[in-house]
Amino acid sequence: MDIDAIPRTLPRFSATFDPHTLAEIRRAAATGIYDIRGGGTKRALPHFDDLLFLGASVSRYPLEGYREKCATDVWLGTRFASKPIHLKIPITIAGMSFGALSGQAKEALGRGATIAGTSTTTGDGGMTPEERGQSETLVYQYLPSRYGMNPDDLRKADAIEVVIGQGAKPGGGGMLLGQKISDRVAAMRDLPKGIDQRSACRHPDWTGPDDLEIKIGELREITDWEKPIYVKIGATRPYYDVALAVKSGADVVVLDGMQGGTAATQDVFIEHVGIPILAAIRPAVQALQDLGMHRKVQLIVSGGIRNGADVAKALALGADAVAIGTAALVALGDNDPRYEAEYQAIGSTAGAYDDWQDGRDPAGITTQDPDLAARLDPVAAGRRLANYLSVMTLEAQTIARACGKSHLHNLEPEDLVALTIEAAAMARVPLAGTDWIPGTGRF
Ligand SMILES: Cc1cc2nc3c(=O)[nH]c(=O)nc-3n(C[C@H](O)[C@H](O)[C@H](O)COP(=O)(O)O)c2cc1C
């Protein structure tokens with residue numbers, strides 16, 4: 001028998017050395033440069049899609065959508081601040097810097113958030129008059145880089161967010177490449193124009209929770225104990241980090257999972273450091289519960305939130321609110337297929353464009369080029385964001401009513417099951433059709 005004549009189907013590529021990996025090795029060999037990009041993780045990770053709601057049936061009673069209310073509001077900063085924040089919806093806009101984003105994009109975020117009754121947040125680059133002017137509720141980031149830090153702006157803000165880290169790069173600092181350091185960005189950050197900027201990965205004023213407590217005390221004094229103080233952390237060891245943020249005096253903890261977007265960092269950081277938000281929420285809530293602080297110190301979670309189902313699931317796991325970054329940019333018009341030819345001209349395609357560090361965004365959002373930025377109409381883009389926030393809220397309400405809840409915050413882990421063993425272990429809800437929650441209960 002002629003063995004060679006027997007037809008065979010050989011696997012074409014190795015799963016380990018797949019075509020992308022091979023291309024990356026060749027790219028690294030040719031250039032000697034690691035890949036920097038924007039966006040969040042690209043590979044599939046355990047996420048909210050791995051959870052399902054158990055709608056009401058005989059054993060639970062649903063609410064009638066057209067007659068029975070399902071409230072959506074949230075208070076943030078009720079622990080110490082004399083002026084806590086009251087939002088109409090539990091979906092906030094995450095911190096994204098002027099520098100990473102155009103002035104028009106920042107203005108549009110403020111407009112959209114204000115129409116929807118929620119807050120927006122400054123970023124690693126200070127507060128612009130456009131965003132303060134258009135944002136009814138503006139959170140001011142206080143960052144390791146101290147770029148754009150101004151005590152007057154602390155007083156102009158409605159809340160202050162002390163940034164320890166981001167989900168896309170916990171343990172790393174911000175990056176803004178020279179292409180995006182325009183005259184205005186350079187002046188705000190006190191940097192030379194056109195030179196790559198890499199922010200500090202840790203704050204110079206503290207080394208641990210004791211010093212952080214002193215810093216938070218200073219921020220409260222500067223702002224007359226009026227403003228809520230948030231502490232933002234990238235998800236890595238959420239139980240301990242949340243407990244220490246509470247010990248340091250935070251009114252609100254912002255927990256950002258590894259799927260979270262960034263304007264620019266090393267690809268290896270985005271894909272390999274931190275844990276998915278799905279795995280981080282329950283330990284964070286557990287820390288708050290163990291300290292008797294759940295719902296007293298509010299928890300905002302972020303990292304890959306896309307729709308009302310994600311919002312409802314995050315809240316059911318114990319969060320008080322969510323924050324969105326990437327999805328808000330898409331709602332403004334980022335990666336819009338109408339710019340397909342231009343995305344192709346810069347080596348990308350609509351829907352996959354993530355070279356936000358390059359500053360050549362045809363949609364006028366992640367750029368400082370005045371001609372490109374002028375393409376974004378902040379009024380129309382703000383309206384799109386408001387529509388999107390409204391749809392997310394309606395979707396979350398639909399789910400909550402189906403589970404018999406008169407407020408989004410009444411959703412609870414008991415309303416959820418998991419589709420995979422991994423998600424069941426991470427979210428600490430039973431695998432669908434079983435009463436099995438894998439895991440040891442230790443964090
Ligand atoms: C363009 C862009 C710029 C960002 N800039 C900052 C920043 O200046 N400070 C910060 O704490 N986080 C920054 N982030 C992270 C967001 O605040 C947030 O944690 C993240 O976008 C949430 O994940 P999502 O994009 O999947 O919604 C940025 C994110 C994006 C997409």
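Tutor: Start with a pair of helices: α10 and α14 cross in a right-handed manner. This is a predicted model, in which local features need pLDDT of at least 70, side-chain atom pairs count only at pLDDT 80 or more, and totals for chains, interfaces and linings use all residues. Residues are numbered from 1 along each chain as its sequence is written, and side-chain values use heavy atoms, with hydrogens and water left out.

Student: Why is α10 called oblique to α14?

Tutor: Helix α10 (residues 308-316) packs on α14 at about 55 degrees, with the axes 7 Å apart. Axes are lines fitted to C-alpha atoms, for helices over the stretch in contact, and angles run from 0 to 180 degrees between N-to-C directions. Under 35 degrees is roughly parallel, over 145 roughly antiparallel, 65 to 115 roughly perpendicular, and the rest oblique. So α10 is oblique to α14.

Student: Which residues meet there?

Tutor: Gly308, Ala309, Val311 and Ala312 of α10 meet Met392, Glu395, Ala396 and Ile399 of α14. Contact means heavy atoms within 4.5 Å. By class, that gives six nonpolar, one polar and one charged residues. Ala, Val, Leu, Ile, Met, Phe, Trp, Tyr, Cys and Pro count as nonpolar; Asp, Glu, Lys and Arg as charged; the others, Gly among them, as polar.

Student: How do you know that α2 and α14 are oblique?

Tutor: Their packing angle is about 45 degrees, and their axes are 7 Å apart. The angle therefore makes α2 and α14 oblique to each other. Their crossing is right-handed. By class, the contact of α2 with α14 has 11 nonpolar, three polar and three charged residues.

Student: Why is α2 called largely enclosed?

Tutor: Because 10 of its 14 residues are buried, α2 is largely enclosed by the rest of the structure. Buried means under 20% relative accessible area, exposed over 50%, partly exposed in between (1.4 Å probe, protein chains only). Among the buried residues of α2 are Lys106, Glu107 and Leu109. Their cover includes β5 (91-93), β6 (119-121), α3 (129-134), α11 (326-332) and α14 (378-402).

Student: What span is expected of α2, and what does it reach?

Tutor: The expected span is 1.5 Å times one less than the number of residues. Helix α2 (residues 103-116) has 14 residues and reaches 20 Å from first C-alpha to last, close to the 20 Å expected.

Student: Is Thr122 buried or exposed?

Tutor: Thr122 has 0% relative accessibility, so Thr122 counts as buried. Thr122 sits in the loop between β6 and α3. Its contacts include Lys106, Glu131 and Tyr140, leaving aside residues up to four places away in sequence.

Student: Why is Trp225 called partly exposed?

Tutor: Its relative accessible area is 38%, so Trp225 is partly exposed. Trp225 lies in the loop between α6 (209-222) and β11 (229-234). Trp225 also has a positive phi of about 60 degrees, although it is not a glycine.

Student: What about Arg295?

Tutor: At 32% relative accessible area, Arg295 is partly exposed. Its phi is near 80 degrees, a positive value in a residue other than glycine.

Definitions and conventions: Helix = DSSP H or I, 4+ residues; strand = E, 2+ residues; numbered from the N terminus. Left-handed = near helix turned anticlockwise from the far one by under 90°.
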